[in-house]
Amino acid sequence: MPSPQPPRAVFAMDPVHLPLLFPPPLMTRLTEAAHLDPALVVQDFTDPAAAGALAEADVLITGWGCPHLDTGVLAAAPRLRTVLHAAGSVRSLVGDALWQRGIAVSSAVTGNALPVAEYTLAMILLCGKDTFEHRERFRVSHAYPAPAETADTGNVGRRIGVIGASRVGRRLLELLRPFDFTVLLHDPYVSSAEASALGAELLPLEDLLRHSDIVSLHAPDIPETYRMLDAARLGLIRDGGVLINTSRGALVDPDALTDELVSGRLRAVLDVTEPEPLPAGSPLYRLPNVFLTPHIAGSLGNELERLGRIVVEELERVGAGVGLVHEVRYADMGRVA
């Protein structure tokens, strides 16, 4: 019986990401697993130079910068049966037309969750030690803090509130296990028993906010979570509490958050904001109780290779005729990022 022919694959993304996603060893595996032109990276599906490859493509390998796969794109790719996304969320990439065609979708979101969880753990530990505040004071005073200034400093017994048992949230819960924390969780799709198995106590959102020293957001950006932390809920966090947001800025009311931070009542670590980036005049750039980073928690630099490896392994499964490990299912789209 003849061996099955390798699938035909096409890259569709901003080509700037390609070398880091697929360094030479991974690119070799890709070209062994599929008929693929490494020099062809499509950014515009209407480009005549891409038309022939698109018409023959069984697989699209997508990434940041890939346009939405609308009905026009799908019509130009009649053989397409699989999309392998070398990034996280596919929400902006796929729509009803793709699902109706029965095209399988895989995402490297699991790989992208790891650095976000690691970033969050680092920030929790640093915030527990009041690292950013001590740094600001030390810059001015050049003196070590008096014991009275460190009475509430430390990570023993800190109450960490995790909002969302997403892939990032679950990985963070794993990373928190070795530390002397009390971990609280809010997620409407998780039972108390499952939360306990994850090492956390399940609470309603308002109770979690009241009882946490540090609150970390890991919920998806969907209509149900828009502005989930409004002025009233932010007001439940204890004085001096910390909000960490590595999810999406839309989950927090930006005006209410700014008011809390300008007043100095709360502290925050913000890797995402709304808008993004903040306007140059935003006070959050200057506040000593705000640690602001430019959306760096997700995969960057050498971390991109992890995403590429997931895609390579999925492409090899496609060629072997076995199921995808990281498949995104239409039924889950209403509650995932």
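Tutor: Let's begin with a term: a residue is buried under 20% relative accessible area, exposed over 50%, and partly exposed in between, using a 1.4 Å probe and protein chains only. Helices (H or I, at least four residues) and strands (E, at least two) are DSSP runs, and their numbers start from the N terminus. The model is predicted, with local features needing pLDDT of at least 70 and side-chain atom pairs counting only at pLDDT 80 or more, while totals for chains, interfaces and linings use all residues. Residues are numbered from 1 along each chain as its sequence is written, and side-chain values use heavy atoms, leaving out hydrogens and water.

The part I would pick is helix α2, residues 24–33, where L26, M27, L30 and A33 are buried. Viewed down the axis of α2, these buried residues line one face of the helix, because they fall within an arc of 125°. That arc is the one spanned by the directions from the helix axis to the C-beta atoms. On the other side of α2 you will find P24, P25 and E32, which are exposed.

What do the buried residues of α2 pack against? They meet β1, α1 (18–21), β2, β3 and α13 (304–320), where a contact means heavy atoms within 4.5 Å.

Two strands count as paired if DSSP finds at least two bridges between them. In general, strands of a sheet pair through backbone hydrogen bonds, either parallel or antiparallel. Strand β1, residues 8–12, runs parallel to β3, residues 59–62, over 4 bridges. β1 is also parallel to β2, again over 4 bridges. A9 shows both pairings: in β3 it stands opposite V59, and in β2 it stands opposite L36. V10 has L60 as its bridge partner in β3.

Now for the nonpolar packing. A nonpolar core is a set of buried Ala, Val, Leu, Ile, Met, Phe, Trp, Tyr and Cys residues joined through side-chain atoms within 4.5 Å. The largest such core has 29 residues, and those with the most contacts inside it are I124, V162, L176 and L185. At least two of its residues come from each of α6 (109–128), β6 (159–163), α8 (167–176), β7 (182–186) and β10 (242–245). Helix α6 gives the largest share, 8 residues. A second, separate core has 27 residues, including F11, A104, L307 and V312.

Last come some backbone details. Most residues other than glycine have a negative phi, and most peptide bonds are trans. Here, a cis peptide bond joins E274 and P275, with omega about -5°, and another cis bond joins E276 and P277, with omega also about -5°. P275 sits in the loop between β11 and β12, and P277 lies in the loop between those strands too. P288 has its place in the loop between β11 (267–270) and β12 (290–292) as well, and it is partly exposed at 47% relative accessibility. Its C-alpha atom is separated by 9.8 Å from that of A268, 20 residues apart along the chain.

Phi is positive, near 55°, in D130, and H295 likewise has a positive phi near 55°. D130 belongs to the loop between α6 and α7 (131–141) and is buried, at 13% relative accessible area. H295 belongs to the loop between β12 and α13 and is partly exposed, at 35%.
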